[in-house]
Amino acid sequence: MGGQGASPRAPGAVRHVLDVDDLSPAELTKVLELAALGTPPAVLARRAVALLFEKPSNRTRVSMEVATVELGGHPVTIRPDEVGIDTREPAEDVARALAGYCAVIAARVFDHRVLERMAAVSPVPVVNLLSDRAHPCQALADALTLRQCFGTLEGRTVAYVGDGNNVCRSLMAVGRLAGMVVRVASPPGYEPPPDGHAVITASPAEAVSGADAVYTDVWASMGQEAETEQRRIDFAGFIVDDALMAMAAPGAVFLHCLPAHRGEEVAASVVDGPRSVVWRQAANRLHAQRGLLLWLAGAAPESQP
């Protein structure tokens with residue numbers, strides 16, 4: 001990584017993580033192994049990580065700040081009004097300036113193309129903290145959680161019920177990398193783009209049948225508030241309740257990226273029930289992102305270009 005005294009690399013030599021499949025299968029495994037380190041090295045000592053937020057955040061902001069501190073670094077959290085991407089100055093100039101101070105630029109943005117533009121010019125790694133297209137840090141935490149639950153990922157089946165959104169697409173990507181079977185049940189018009197690997201259906205029962213894990217997300221995400229009432233109509237029948245969980249495999253767990261709307265996309269008895277691992281999943285945001293920062297810092301030098 002560059003920034004704060006390090007020599008910046010040429011832009012083409014820097015690894016950016018804009019979606020989870022920017023990692024190879026071996027690199028994904030390495031990041032998950034690094035996430036499990038009990039005493040991580042202080043690879044960010046005397047260095048800073050820029051955390052740029054166009055959208056509000058709870059889990060992402062706090063977990064990335066703590067991950068940076070646990071690696072000996074200093075998180076610099078930046079609100080949208082302090083930067084003004086593409087209103088006060090172009091995204092490219094924001095990235096060039098931040099790279100002069102910080103070892104990593106991590107950003108939560110509305111438009112994925114903003115991240116691509118920043119990555120195209122940045123001499124330090126750019127990490128996607130959520131965009132309209134992908135949520136790779138969530139997918140890393142999902143994979144870490146499932147590996148803790150089942151020991152291995154390969155061959156496991158995950159059923160995702162709901163909107164084919166950024167969380168769903170990154171779950172599909174991590175499934176491809178890890179050899180998991182991913183089945184997605186979405187109402188017509190809300191399906192994710194096919195990827196040649198995941199099974200996409202309009203039947204929650206078909207997706208969940210025999211699955212090792214059942215996953216859902218809110219029906220209307222940030223920025224979709226105006227669609228809330230229509231989505232409640234369109235997603236009727238896609239709630240993850242006890243009857244749907246009963247169709248999963250014995251020992252199946254329940255996942256949710258949070259926040260959860262009890263009584264809408266998930267029954268309270270499920271998200272608060274004994275099969276729910278959502279709080280472990282939320283805690284794993286910290287561990288997964290710390291593992292990713294470690295990997296980007298060169299803790300896995302054999303994986304660097």
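Is strand β6 (residues 181-185) largely enclosed by the rest of the structure or exposed, and why?

Author: This is a predicted model, in which local features need pLDDT of at least 70 and side-chain atom pairs count only at pLDDT 80 or more, while totals for chains, interfaces and linings use all residues. Residues are numbered from 1 along each chain as its sequence is written, and side-chain values use heavy atoms, with hydrogens and water left out.

Strand β6 is largely enclosed by the rest of the structure, because four of its five residues are buried. Buried means under 20% relative accessible area, with exposed over 50% and partly exposed in between, for a 1.4 Å probe and protein chains only. Strands (E, at least two residues) and helices (H or I, at least four) are DSSP runs, numbered from the N terminus.

Consider next the partners of β6. Two strands pair if DSSP finds at least two bridges between them. Strand β5 (residues 157-161) runs parallel to β6 and is joined to it by five bridges; within this pairing, Ala159 has Arg183 of β6 as its bridge partner. Between these strands the chain passes through α7, and the resulting β-α-β crossover is right-handed: with the strands pointing away from the viewer, the path from the first strand over the helix to the second runs clockwise. β6 also pairs with strand β7 (residues 199-201), again in the parallel sense, over three bridges. There, Ala185 has Thr201 of β7 as its bridge partner.

A pocket is an open set of points on a 1 Å grid over the protein atoms alone, with protein on both sides within 12 Å along at least five of seven lines; lining residues have an atom within 4 Å of a point. The largest pocket is lined by 33 residues, and Arg108, Leu130, Val218, Ser221 and Met222 lie nearest its centre. The elements that give two or more residues to this lining are α2 (59-70), α7 (166-178) and α9 (228-234). Of these, α7 gives the most, with three residues. The largest pocket holds about 620 Å³ of space, where a volume is the space filled by probe spheres set on the points, and grid points are joined across faces, edges and corners.

In summary, β6 is largely enclosed, since four of its five residues are buried, and β6 pairs in the parallel sense with β7 as well as running parallel to β5.

Key. On a 1 Å grid over the protein atoms alone, a cavity is a set of points where a 1.4 Å probe fits but cannot get out, and a pocket is an open set with protein on both sides within 12 Å along at least five of seven lines; lining residues have an atom within 4 Å of a point.
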